[in-house]
Amino acid sequence: MSYQANPSGAPGPSHLGTGDPTPSTVESKPASTMGAPGLDSETWERSTLNRTLSTIQSIALLLLTLLLVPPAHAQRFTVLLDAAHGGDDSGALLPKENSSPAKEKDATLALSVRLRSLLTARGLTVVTTRESDTAVDAQQRAEIANRAHAQACLLIHASSTGTGIHLFFSALSPAQPGLLLPWNTAQAASVQRSIALAGILNTSLHHAGIKVTLGQASVNPIDSLNCPAVAVEVAPEPQPDGRSLTPQDTAYQTRIAEAIAAALLEWRSTAPEKARQP
Ligand SMILES: [Zn+2]
């Protein structure tokens, strides 16, 4: 190891930047310490080594911090709730006993609000495409969803026909995750995870005593979403007394919301550790 002074003078920040513990760091002995009274070469070597070690330590700490602190959106487990229809678009008309039919847009918003409060109470981050009776087009819904970097996207619909809950995932053929896909087929990279999410929702709703039908359908804007996405359509639920619970029925919606919340908590437990943070 040579102790010759670096002809360029004192060591600059570039040495700290590289953290290179090789002789080049030692060689850049500050001119001011050269021949300083009372500072023998052994002491100088020790202090240089100490500085080098502390530099390495700082860099290691910085690298560790960078590794442990992923981008903000990757830290949280986020659920996107899309209450379909709204504003001028009322959606389907849902028959109501002894009164005029309810509007699908109101039933979807009510379920979205119910779900949001259940999920946030359980520590999940929730992003919604609408919070009131406003018109949001498919493109805007997709933009909100894709910006949310959600681990689950649920498109909420309601229907006057069929029974129980209809779960739909995209009809696109699965594509390799990470591939650059056109905007309107972004979901292809997530189809496999969407099917897995639909499976967890199916089991949870089934446990809540709700009949579930699973199917493939490109419900707008599901094909443009880059998250695991499932459309949840609430249909009437026949009762033993021959009557039917309607999609806007409060008790029915509460049962559905609780089953969906339980499913999403289970889905979170399957997510990579980094994404399980609330
Ligand atoms: Zn609808």
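Leaving aside neighbours within four places in sequence, Leu 81 is in contact with Ser 112, Leu 115, Arg 116, Val 126, Thr 128, Leu 154 and Ile 156, two residues being in contact if their C-beta atoms, placed from the backbone, lie within 7 Å. This is a predicted model, in which local features need pLDDT of at least 70 and side-chain atom pairs count only at pLDDT 80 or more, while totals for chains, interfaces and linings use all residues. Residues are numbered from 1 along each chain as its sequence is written.

Leu 81 lies in strand S1; helices (H or I, at least four residues) and strands (E, at least two) are DSSP runs, numbered from the N terminus. With 29 other C-beta atoms within 10 Å, Leu 81 is buried. A residue is called buried if 20 or more other C-beta atoms lie within 10 Å of its own, exposed if 12 or fewer, and partly exposed in between, with C-beta atoms placed from the backbone. Leu 81 and Val 126 are separated by 45 residues in sequence, yet by 7.2 Å in space, C-alpha to C-alpha.

**Overall composition**

The protein chain comprises 8 helices and 10 strands. Of its 278 residues, 36% count as buried. Among contacts between residues at least 6 apart in sequence, 74% join residues at least 24 apart.

**The nonpolar core**

A nonpolar core is a set of buried Ala, Val, Leu, Ile, Met, Phe, Trp, Tyr and Cys residues joined through C-beta atoms within 7 Å. The largest such core has 58 residues, of which Cys 153, Leu 155, Val 230, Val 232 and Ile 260 touch the most other members. Two or more residues are given to this core by each of S1, helix H5 (104–121), H6, S5, S6, H7, S8 and helix H8 (250–270). The most, 8 residues, come from H8. Ile 260 touches Leu 115, Leu 201 and Val 232, residues up to four places away in sequence not being counted.

**Helix H6**

Helix H6 spans residues 138–148, and Arg 141, Ala 142, Ala 145 and Ala 148 are buried in it. Seen down the helix axis, the buried residues of H6 fall within an arc of 130°, so they line one face of the helix; the arc is that of the directions from the helix axis to the C-beta atoms. The cover over these buried residues includes strand S1 (78–83), strand S4 (125–128) and strand S5 (152–158).

**Strands S6 and S7**

Strand S6 (residues 165–169) and S7 run parallel and are joined by 5 bridges; two strands pair if DSSP finds at least two bridges between them. His 166 has Thr 213 in S7 as its bridge partner. From S6 the chain crosses through helix H7 (residues 191–207) to S7 in a right-handed β-α-β crossover.

**Backbone features**

Most residues other than glycine have a negative phi, and most peptide bonds are trans.

The peptide bond from Asn 220 to Pro 221 is cis, with omega near 0°. Pro 221 is found in the loop between strand S7 (212–216) and strand S8 (229–234).

Terms used:
A crossover is right-handed if, with the strands pointing away from the viewer, the path from the first strand over the helix to the second runs clockwise.
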